[in-house]
Amino acid sequence: CSPQLLQKSRELANKYDVLLNIHLAETKFEFDQCLAKNSVSPVKNLLNLGILSGKTIAAHSVHVTQEDIQILSETRTGVATNPVCNMKLASGTAPIPEMLRAGINAAIGTDGPVSNNNLNMFEEMKTLALVQKLVNNDPSIIDAKTIVKMASETSAKALGIYEKTGSLEKGKLADIIIIDLNKAHLNPIYNIFSNIVYSMSGNDVDTVIINGRIVMKEKKLIGIDEEAIIAEVNEKTKNIVKDFSIK
């Protein structure tokens, strides 16, 4: 993106009071390229261009300096970390513990199906917890309760919608998932947060409620013919496979 395109995007986001979502410092190549071209990091470059002067969420933010972390904190820029995607593409690992200590709203994301495949938020939570323990050589660097909070409250804060959702409170939207805990792999339960992060998967979700409306009950989607969609997707895939080598 040219500086002009970025600045125009910022102007439009501010005009309509909406969030600007941008990939930032995802790869070492991006960091080195920006440093060579602009003599500053990708984060500092956006600051200089005025792109961080408004509601912003930066996806990835893997290759950042201590100064970058301070900038993200001072500009109240949210960060969306995508650990499975970053591992699959060998992009690196975002310094999440440092970001949390700096007061940054570090949210958990999945990125898209091309770089993640199953978009399983439970898998994302577990991966984030494990990879941070590994790269920091510290099994206590980030606990399960913090991970669950990142996936709910902190994510809502990063998106600027915490007054509406992100926690179960009176006056907020009824955004709820229901899980049957009476399963062998979820017992015994000593710490519910540990069970959520390390034992559960998306397949354990029984019911999903969005703003009070049930969209999935007993693992069945409401008002959507799942079998028909799967059949249609597989049919369309035949044309893709003819033209491309799928790995």
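Analyst: Here is a walk along helix H3 and the parts that touch it.

This is a predicted model, where local features need pLDDT of at least 70, side-chain atom pairs count only at pLDDT 80 or more, and totals for chains, interfaces and linings use all residues. Residues are numbered from 1 along each chain as its sequence is written, and side-chain values use heavy atoms, with hydrogens and water left out.

Start with the setting. The chain holds eleven helices and eight strands. Helices (H or I, at least four residues) and strands (E, at least two) are DSSP runs, numbered from the N terminus. Of the 247 residues, 37% are buried. Buried means under 20% relative accessible area, exposed over 50%, and partly exposed in between (1.4 Å probe, protein chains only).

Now the helix. H3 covers residues 42-49. Its buried residues are Pro-42, Val-43, Asn-45 and Leu-46. Seen down the axis of H3, they fall within an arc of 160°, so they line one face of the helix. That arc is taken from the directions from the helix axis to the C-beta atoms.

What does this buried set of H3 pack against? The partners are helix H1 (3-15), strand S1 (20-24), helix H2 (28-38) and helix H4 (66-74). Contact here means heavy atoms within 4.5 Å.

Next, the end of the helix. Gly-50 follows H3, and its phi is positive, near 80°.

Move on to H4, one of the partners of H3. Asp-68, Ile-69, Ile-71, Leu-72 and Ser-73 are its buried residues. They pack against H3 in turn, and also against S1, H2, strand S3 (78-81) and helix H6 (96-101). Just after H4, Arg-76 takes a positive phi of about 55°.

The loop between H1 and S1 holds Asp-17. Its phi is near 55°, a positive value in a residue other than glycine. Most residues other than glycine have a negative phi. Is Asp-17 buried or exposed? At 52% relative accessibility, Asp-17 counts as exposed.
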